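Please look over the sequence and the model below.

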Amino acid sequence: MSYRDSSSSFSVSEELRLIPRWSIALAVVAFVGMQYLFYYVFPHPHLHRAPVPLRIYFSTSWAALVAVYMLMIGYISEDAPRRNMGKWLWILLCIVLQGGIGPILYFLLRQPLLSACPSCGSRIESDFHFCPQCAYRVAANCGSCHNGVRSTDVYCTYCGHDLASDNLPARLRGGQN
Ligand SMILES: [Zn+2]
Ligand SMILES: [Zn+2]
């Protein structure tokens, strides 16, 4: 019997797939727009005397930075609701706090992922034992002391209670698989 925690299955490609189309479009526009600004709107006299590779290096690195920022805002706009965090508040913070402080704060402070109830699909916070909408038991816990137990445990690791004597032994033992 394998015990699999859904919050541990983290993959970068799945996270990247969260980035919405509008933010990818915004990133492309920002990248092209930055090149335009760099070469036509604010042609810095010193820079234009610089060798071409150096100019390309500066313009693309600045543009890439802005483009990544757009993607970051897009990611946060999709990621925040999954964690029950205010989406518009964080988008606003990312725009207002310059220099990348918004996203840094976001990644420092972000809450754990909400999972979906296997029975009805409502959002469940990580410390819930039962679904708030349908009372499905999402985490195995001891019938005596109510501490969390692993679904493979036979006795409670906190109080030694025999878990098989609880009302829902089948779900406690195998409901997670
Ligand atoms: Zn439910
Ligand atoms: Zn117990």
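Which residues does Met34 touch, not counting residues up to four places away in sequence? Met34 touches Ser59, Trp62, Ala63 and Val66, where two residues are in contact if their C-beta atoms, placed from the backbone, lie within 7 Å. To place this residue, some background comes first.

This is a predicted model, in which local features need pLDDT of at least 70 and side-chain atom pairs count only at pLDDT 80 or more, while totals for chains, interfaces and linings use all residues. Residues are numbered from 1 along each chain as its sequence is written, and chains are lettered from A and ligands numbered from 1 in the order in which they are written.

The chain has 7 helices and 2 strands. Helices (H or I, at least four residues) and strands (E, at least two) are DSSP runs, numbered from the N terminus. Read from the N terminus on, the elements follow the order α-α-α-α-α-α-β-β-α. Of the chain's 177 residues, 15% count as buried. A residue is buried if 20 or more other C-beta atoms lie within 10 Å of its own, exposed if 12 or fewer, and partly exposed in between, with C-beta atoms placed from the backbone. Of the contacts between residues at least 6 apart in sequence, 41% join residues at least 24 apart.

The buried residues of helix 4 are Ala63, Ala67, Tyr69, Met70, Met72, Ile73, Gly74, Ile76 and Asp79. These buried residues pack against helix 2 (21-41), helix 5 (87-96) and helix 6 (101-109).

Met72, in helix 4, counts as buried because it has 20 C-beta neighbours inside 10 Å. The C-alpha atoms of Met72 and Gly102 are separated by 10.0 Å, and the two residues are 30 apart along the chain.

Two packed helices are described by the angle between their axes and the distance between the axes. Axes are lines fitted to C-alpha atoms, for helices over the stretch in contact, and angles run from 0 to 180 degrees between N-to-C directions. Angles under 35 degrees count as roughly parallel, over 145 as roughly antiparallel, 65 to 115 as roughly perpendicular and the rest as oblique.

The axes of helix 2 and helix 4 come within 8 Å and cross at roughly 155°. That makes helix 2 roughly antiparallel to helix 4. Helix 2 passes helix 4 in a right-handed crossing; a crossing is left-handed if the near helix is turned anticlockwise from the far one by less than a right angle, and right-handed if clockwise. The helix 2 side of this contact includes Trp22, Leu26, Phe31 and Met34, and the helix 4 side includes Ser59, Trp62, Ala67 and Met70. By class, the contact has 17 nonpolar, 4 polar and no charged residues. Here Ala, Val, Leu, Ile, Met, Phe, Trp, Tyr, Cys and Pro count as nonpolar, Asp, Glu, Lys and Arg as charged, and the others, Gly among them, as polar.

Met34 can now be placed in helix 2. Met34 counts as partly exposed because it has 19 C-beta neighbours inside 10 Å. Between Met34 and Ser59, 25 residues apart along the chain, the C-alpha separation is 7.3 Å.

What follows helix 4? The helix is followed by Asn84, whose phi is positive, near 60°. Most residues other than glycine have a negative phi, and most peptide bonds are trans. Asn84 lies in the loop between helix 4 and helix 5, and it is exposed, with 12 other C-beta atoms within 10 Å.
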